[in-house]
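Welcome, and please take a moment to look over the model shown here. A short tour follows once you have it in view.

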Amino acid sequence: VSGNIIDNVPKVGIQVANCPDCGVVIDGNTITNANTANDADRGAIAIYPNSNDIIVKNNILTGNNNGFVVRDKAGSLSSDVIVRNNKIFSNTGFGAKNLATSGTLDAQNNYWAHPKGPFHSSNNPDGQGDSVSDNIDFGPWYLNSARTNLSSDQTGSRFTPQGNTVKFDSDDANSGTKGKAS
């Protein structure tokens with residue numbers, strides 16, 4: 001799912017639901033004013049727990065009620081759901097929100113529109129970018145919108161290993177993908 005401009009939608013801009021082994025890459029989209037209905041578990045991009053093999057990269061998520069959301073549905077968040085190299089800023093609610101019953105969202109290497117990164121009340125209370133919920137590994141983050149400089153302070157991140165190591169190579173457009181979205 002790539003190259004779309006999505007604006008002013010009452011629910012989600014892009015959603016992946018009930019998709020085991022889906023091999024979806026959400027890349028290069030600009031989503032603004034999504035979730036104008038202000039639903040707590042919807043946003044610019046939303047996935048259901050138990051969907052896996054999803055890479056969300058190089059998107060601009062701004063002006064939404066929630067940027068990226070793992071929906072409040074039964075199930076666990078898979079460790080191969082990766083949210084990297086996105087610009088997530090000026091969203092009301094949360095920039096990234098994980099409502100799954102278990103699992104940690106890998107949201108490292110994103111730009112949160114402030115060098116101090118996203119705000120989290122205990123893991124990054126000095127952050128001045130969009131808020132992030134619990135169970136999100138958000139550090140390091142990009143210090144600039146060109147996404148060329150990463151923060152060196154990783155004390156704001158929260159990481160709980162979930163089985164196998166997942167590698168992400170931002171220089172390889174096909175990294176970690178298999179199959180195609182339909």
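Please keep in mind that the model is predicted. Its secondary structure comes to 15 strands and zero helices. Of the 182 residues in the chain, 49% are buried. Taking the contacts with a separation of 6 or more, 72% are between residues 24 or more positions apart. As for the surface, the chain exposes about 8200 Å², and 44% of that is supplied by carbon and sulfur atoms.

Now to the sheet. Four strands build an open sheet with parallel pairing, in the order β1-β4-β7-β10. At its edges are β1 and β10, each of which pairs on one side only. From one strand to the next, the twist averages 10°. Strand β7 runs parallel to β10, and three bridges join the two. Within this pair, L61 stands opposite I88 of β10.

| β1 | residues 5-9 |

Is K97 buried or exposed? K97 is buried, yet has no salt bridge. The nearest side chain of opposite charge is that of D41, 7.7 Å away. Leaving aside residues up to four places away in sequence, K97 touches A40, N66, F68, V69, V70, S133 and I136.

Notes: Residues are numbered from 1 along each chain as its sequence is written. This is a predicted model: local features need pLDDT of at least 70, side-chain atom pairs count only at pLDDT 80 or more; totals for chains, interfaces and linings use all residues. Side-chain values use heavy atoms; hydrogens and water are left out. Two strands pair if DSSP finds at least two bridges between them. Axes are lines fitted to C-alpha atoms, for helices over the stretch in contact, and angles run from 0 to 180 degrees between N-to-C directions. Buried means under 20% relative accessible area, exposed over 50%, partly exposed in between (1.4 Å probe, protein chains only). Contact means heavy atoms within 4.5 Å. Accessible areas come from the Shrake-Rupley method with a 1.4 Å probe; for residues, only the protein chains shown count as cover. Lys and Arg count as positive and Asp and Glu as negative; His and the chain ends are not counted. A salt bridge is a side-chain nitrogen of Lys or Arg within 4 Å of a carboxyl oxygen of Asp or Glu.
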